[in-house]
Amino acid sequence: MFETEKFQAQFFENEIKLDGPFSRELLCNNRSKLTLFLDQILDILQYLLYPYSNFNQATFRSLTKGILVQTVILPIFDLISSSDFLNK
């Protein structure tokens, strides 16, 4: 096992001990699960922030959600979690 894999395994084992059955392992290790989770969060934010006329249009919601997740939120997560960014 590589050092990072050992660290990840130990981290998630400790997380289960502290948080119980709730674990973030699927979100951290599976990009498609993370994207689905962010889509669900953005659905809630769109409901809270958009006026009724815009929220009622499914194509507008899908387009803005896809743009925000794929071009804004995920690249920011990648940048922040990059070891080069953290070591600067």
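A crossing of two helices is called left-handed if the near helix is turned anticlockwise from the far one by less than a right angle, and right-handed if it is turned clockwise. Helices (H or I, at least four residues) and strands (E, at least two) are taken as DSSP runs and numbered from the N terminus. The model is predicted, so local features need pLDDT of at least 70 and side-chain atom pairs count only at pLDDT 80 or more, while totals for chains, interfaces and linings use all residues. Residues are numbered from 1 along each chain as its sequence is written, and side-chain values use heavy atoms, with hydrogens and water left out.

The protein chain has six helices and zero strands. From the N terminus on, its elements run α-α-α-α-α-α. Of the 88 residues, 12% count as buried, where buried means under 20% relative accessible area, exposed over 50%, and partly exposed in between (1.4 Å probe, protein chains only). Contact means heavy atoms within 4.5 Å. Among the contacts in the chain with a separation of 6 or more, 34% come from residues 24 or more positions apart.

Two packed helices are described by the angle between their axes and the distance between the axes. Axes are lines fitted to C-alpha atoms, for helices over the stretch in contact, and angles run from 0 to 180 degrees between N-to-C directions. The axes of helix α3 (residues 31-49) and helix α5 (residues 58-81) come within 10 Å and cross at roughly 125 degrees. Angles under 35 degrees count as roughly parallel, over 145 as roughly antiparallel, 65 to 115 as roughly perpendicular and the rest as oblique; α3 and α5 are therefore oblique to each other. The crossing of α3 past α5 is right-handed.

Residues of α3 that meet α5 include Arg31, Leu34, Leu38 and Leu42, and those on the α5 side include Leu68, Val69, Ile73 and Phe77. By class, eight nonpolar, four polar and six charged residues make up the contact of α3 with α5. Here Ala, Val, Leu, Ile, Met, Phe, Trp, Tyr, Cys and Pro count as nonpolar, Asp, Glu, Lys and Arg as charged, and the others, Gly among them, as polar.

Two residues of this contact are described further. Gln46 lies in helix α3 and is buried, at 4% relative accessibility. Leaving aside neighbours within four places in sequence, Gln46 touches Phe55, Arg61, Thr64 and Lys65. Lys65, in helix α5, is also buried, at 17% relative accessibility. With neighbours within four places again left aside, Lys65 is in contact with Asp39, Leu42, Asp43 and Gln46.

Rings of Phe, Tyr and Trp (its six-membered ring) pair if their centres lie within 6.5 Å; planes under 30 degrees apart count as stacked, over 60 as edge-to-face and the rest as tilted. The count by this rule is two aromatic pairs. The ring centres of Tyr47 and Phe55 are 5.4 Å apart and the planes stand at 70 degrees, so this pair is edge-to-face. Tyr47 is exposed, at 57% relative accessible area, whereas Phe55 is partly exposed at 21%. Tyr50 and Phe60 form a tilted pair, with 5.4 Å centre to centre and 50 degrees between the planes. Because Tyr50 lies in the loop between α3 and α4 (52-55) and Phe60 in helix α5, the pair ties together parts ten residues apart in sequence. Tyr50 is partly exposed at 22% relative accessibility, and Phe60 is partly exposed at 28%.
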